[in-house]
Amino acid sequence: MEHKHPVEAMAGGQGQPPVLQPGYTFATITDKISAIVLTRQTPLGWFVGVGIAGMLSAVLLYAVSFLMYQGVGIWGINHPIGWGLAIVNFVWWIGIGHAGTLISAILLLLRQSWRNSINRFAEAMTIFAVMQAGLFPLLHLGRPWLFYWLFPYPNTMTVWPQFRSPLVWDVFAVSTYFTISLVFWYIGLVPDMATLRDRAQNRAARMIYAVLALGWRGSARHWHRYETAYLLLAGLATPLVLSVHTVVSFDFTIAIVPGWHSTIFPPYFVAGAIYSGFAMVLILAIPIRHIYNLEDMITDRHLDNCAKIMLATGLIVAYGYIMETFMAWYGGNLYDKHLIWNRMHGPYRALYWALIAINVGFVNVLWTKKVRFTPKLLWFVSLVVLVAMWLERFVIVVVSLSQDFLPSSWGIYIPTRWDWATFIGTIGFFALCFLLFIRVMPMISIAEMKSLLPSSEAKAPLESES
Amino acid sequence: MRPPIYGLVAEFDTPAEIVAAARRAHEEGYRKMDAYSPFPVEGLSEAIGFHKDNVALICLVGGVLGLATAYGMQYWINVIAYPTNVGGRPLHSWPAFIVVCFEMTVLFGGLAAAFGMLAINGLPMPYHPLFNVPSFSFASRDKFFLCIEAVDPKFDRETTYKFLSSLGPRMITEVPH
C-alpha cells in the first residue's frame with residue numbers, strides 16, 4: 001500500500017481511461033467488492049465453471065492415482081527423453097505465476113497505483129499456478145511419496161542433498177517462492193478479512209472471517225507497521241520473482257546438452273515467464289470483470305497496461321530466439337548448429353515454426369490500439385500466447401534431448417494419454433482453486449482500492465486550515 | 001486499579017478530520033490513544049505521536065539469520081557431514097552455495113517481517129474492548145475513529161468528553177471493557 005497519486009489515478013491523464021471510474025466513495029467500494037462474496041447471488045457462470053473444473057480435477061486425481069499405482073512408465077518418457085511433459089508443464093505453470101508477483105511486488109515499488117485493482121487475484125493466480133507447477137517434479141520423481149528426501153533433514157540413511165546440483169537449488173527456489181507468495185497474499189488479505197467480518201450477516205461466515213482477520217482493527221500504529229512489512233515483503237519478493245525462473249533455467253543451463261548450455265537462458269526465461277503470466281492475468285480478468293460487472297474497477301486501462309507489458313516481454317523473448325539462432329551459427333559449434341537445424345527441420349519442426357510465428361510475428365498485433373482495447377480480441381491473443389509459450393518449453397525440453405551428441409542414442413518422445421490427462425487435469429484444478437477463491441475472498445483489495453480515491457488524502461484541508 | 005471504562009471513542013467522516021483531531025489530541029497532551037481507519041491514512045500515526053517501528057530491524061535480523069543458516073548448513077553438509085567428490089571440484093564450492101543462501105535470506109527475512117509485524121501488533125487478538133462499540137464495525141468501511149484511553153493520566157470522563165466534542169465528531173461513545 002504505497003503512497004500514490006490518487007488524483008492522477010482517477011483522471012487517467014493523456015486521454016487514457018481511468019484506473020477507477022469516478023463516483024465511488026469509501027462506502028460504495030467496500031459494499032461493491034464485499035457484496036460479491038457476501039450477498040450477491042452467485043452467477044450461473046460460476047457454477048458451470050466449477051462443474052467443468054471439478055470434472056477436470058477428477059481427471060487429474062485419476063491420472064495421478066494410476067501413476068502412483070503403475071509408475072512413470074505410463075508417461076511417454078524414455079531414453080534419451082527423460083523429461084517429457086512433466087517438466088514442460090512445470091516450467092509453463094511456474095512461469096505463469098510470475099505475473100502475480102510482478103504485479104504485487106515490482107509494480108508496488110514502482111508506485112504503479114493501477115495495480116491495486118488486479119494485484120489480489122493476480123497473487124491468487126500465482127499461488128495456484130505454483131501449486132500446479134510443484135506437482136510435476138514431484139510426480140516425476142518416480143516415488144513421489146519420498147519427496148521429502150529432497151530436503152536436508154537428519155535421517156537414518158545419513159545421506160544429505162548435494163548442494164552443487166541445480167536440482168537442489170530448484171527445490172529451495174520454488175518452495176521459498178511459494179511460501180513468500182502465500183504470506184504476502186495473506187498479509188494483504190488481513191484488513192479485508194476484517195471488513196468481511198464486520199459486514200457478514202451469517203454467523204458462521206462472520207466467525208470464519210474473524211479468525212482469518214486475526215482481530216485486525218485498523219489501528220494507526222498497526223497500519224504503520226503493516227505498511228512497513230508490506231513494503232519489505234515487496235522488496236524481498238522483487239529479486240525473488242526474477243530469481244525463481246533464473247534458477248529454473250539453471251536446471252537446463254548447468255547441463256551440457258546442446259540447446260540448454262547457454263548464458264541467454266536466465267533473462268530469456270524470466271521474460272518468457274512474465275509474458276505468459278500476463279497472458280493468464282488477461283485470460284482471467286476479462287471474463288471475471290464481465291461476469292461480475294467490475295468494469296469500473298478493472299478498466300480498459302488495466303487491460304491496456306497488461307497488454308503492453310505482454311508485448312514488451314514478448315519482444316524480449318523474440319530477441320532471445322533470434323540470438324539463440326545467431327549464436328549457434330556464429331559460435332561454430334557443430335552440436336549447437338545441429339540443434340537449430342533439428343528444431344527447424346527435425347521431427348518437431350511444426351511446433352518450432354508455430355511458436356516462432358506466434359512469439360515473433362503474431363504478438364505484434366498488440367501494437368495496435370484496436371486489439372488492446374477490444375477485450376474479446378485481447379483474450380484470444382492471450383490464449384494464443386499461452387499456447388505458444390507451452391510450445392516453447394516443449395521445444396526446449398524435448399527437442400534438445402531428442403538429438404544430442406550421439407546419433408545412436410537419438411529418440412522420439414510422444415506424450416501418452418496419461419501425459420495429457422495430467423496436464424489437462426492441472427488446468428482444471430487451477431481453475432477450481434481460482435473459482436473457489438473468488439467465491440469466498442474479495443478478489444479486489446478493498447483497502448487498497450480506497451487509497452485510489454482523491455478523498456483518501458488527508459493533506460489538502462489541513463493546509464487550508466493553518 | 002483498572003479504570004471503570006476502556007476509554008472514549010469519537011467517530012469522524014473523513015481522513016482529513018481524523019488527522020486534524022488526532023493532532024489536536026496530541027497537542028492537548030493525550031498520549032494513551034489510538035486512531036482507527038479502514039485504510040492507511042498518511043500522517044495519522046505521526047499525528048498520535050507514533051513515528052518509528054521496528055519491523056525493518058526484525059526483517060534484517062531474520063534475513064541475516066537466514067543467510068547464516070543457509071551457508072552454515074551447506075558448508076556442514078557438503079564439507080563435513082557428507083563430503084562427495086563431484087568431478088574433482090572442491091568440497092567447499094562456495095559459488096554453488098549462493099542460490100540457496102539467497103533463497104533462505106529471502107525466506108527468513110520475509111517470514112520475520114510478516115510474523116514480526118503481527119507479533120508487535122499484538123495480533124491475533126480475538127477480543128478488544130472497541131469491538132463492543134456497535135458503530136466500530138464501520139472502522140473497516142468508511143468511518144474513522146479516535147479513542148482516548150482511560151489509562152491516560154490526563155483522562156477524565158467529563159473533560160475528555162468535552163474536549164472530544166470540541167473536535168466536531170459525528171458521535172462520541174464510551175467504550176466498556
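Across all chains, a search of the whole structure identifies 50 aromatic pairs. Rings of Phe, Tyr and Trp (its six-membered ring) are taken to pair if their centres lie within 6.5 Å; planes under 30 degrees apart count as stacked, over 60 as edge-to-face and the rest as tilted. The model is predicted, with local features requiring pLDDT of at least 70 and side-chain atom pairs counted only at pLDDT 80 or more, whereas totals for chains, interfaces and linings use all residues. Residues are numbered from 1 along each chain as its sequence is written, chains are lettered from A and ligands numbered from 1 in the order in which they are written, and side-chain values use heavy atoms, with hydrogens and water left out.

One of the aromatic pairs is formed by Trp185(A) and Phe437(A), whose ring centres are 5.7 Å apart and whose planes stand at 50°, so the pair is tilted. Trp185(A) belongs to helix α6 of chain A and Phe437(A) to helix α15 (residues 417-440) of chain A, so the pair ties together parts that are 252 residues apart in sequence. Helices (H or I, at least four residues) and strands (E, at least two) are DSSP runs, numbered from the N terminus. Trp185(A) is buried at 11% relative accessibility, and Phe437(A) is buried at 4%. Here, buried means under 20% relative accessible area, exposed over 50%, and partly exposed in between (1.4 Å probe, protein chains only).

A further tilted pair consists of Phe394(A) and Tyr413(A), with ring centres 6.3 Å apart and planes at 35°. This pair links distant parts of the chain, 19 residues apart: Phe394(A) lies in helix α14 of chain A, and Tyr413(A) in the loop between α14 and α15 of chain A. Phe394(A) is buried, with a relative accessibility of 4%, and Tyr413(A) is buried at 1%.

Helix α14 (residues 375-402) of chain A also packs against helix α10 (residues 300-331) of chain A; their axes come within 12 Å and cross at roughly 30°. Axes are lines fitted to C-alpha atoms, for helices over the stretch in contact, and angles run from 0 to 180 degrees between N-to-C directions. The helices α10(A) and α14(A) are therefore roughly parallel to each other. Angles under 35 degrees count as roughly parallel, over 145 as roughly antiparallel, 65 to 115 as roughly perpendicular and the rest as oblique. Among the residues of α10(A) that meet α14(A) are Leu303(A), Met310(A) and Tyr321(A), where contact means heavy atoms within 4.5 Å.

Helix α2 (residues 26-38) of chain A and helix α6 (residues 166-199) of chain A pack at about 75°, with axes 11 Å apart. The helices α2(A) and α6(A) are therefore roughly perpendicular to each other. Residues including Thr30(A) and Asp31(A) in α2(A) meet Thr195(A), Leu196(A) and Arg199(A) in α6(A).

Several backbone features occur in loops. A cis peptide bond joins His79(A) and Pro80(A), with omega about 10°; Pro80(A) is placed in the loop between α3 (44-70) and α4 (85-109) of chain A. In chain B, a cis peptide bond joins Leu123(B) and Pro124(B), with omega about 0°, and Pro124(B) lies in the loop between α4 and β3. Leu214(A), although not a glycine, has a positive phi of about 60°. Leu214(A) is located in the loop between α7 (203-213) and α8 (220-253) of chain A and is buried at 14% relative accessibility.
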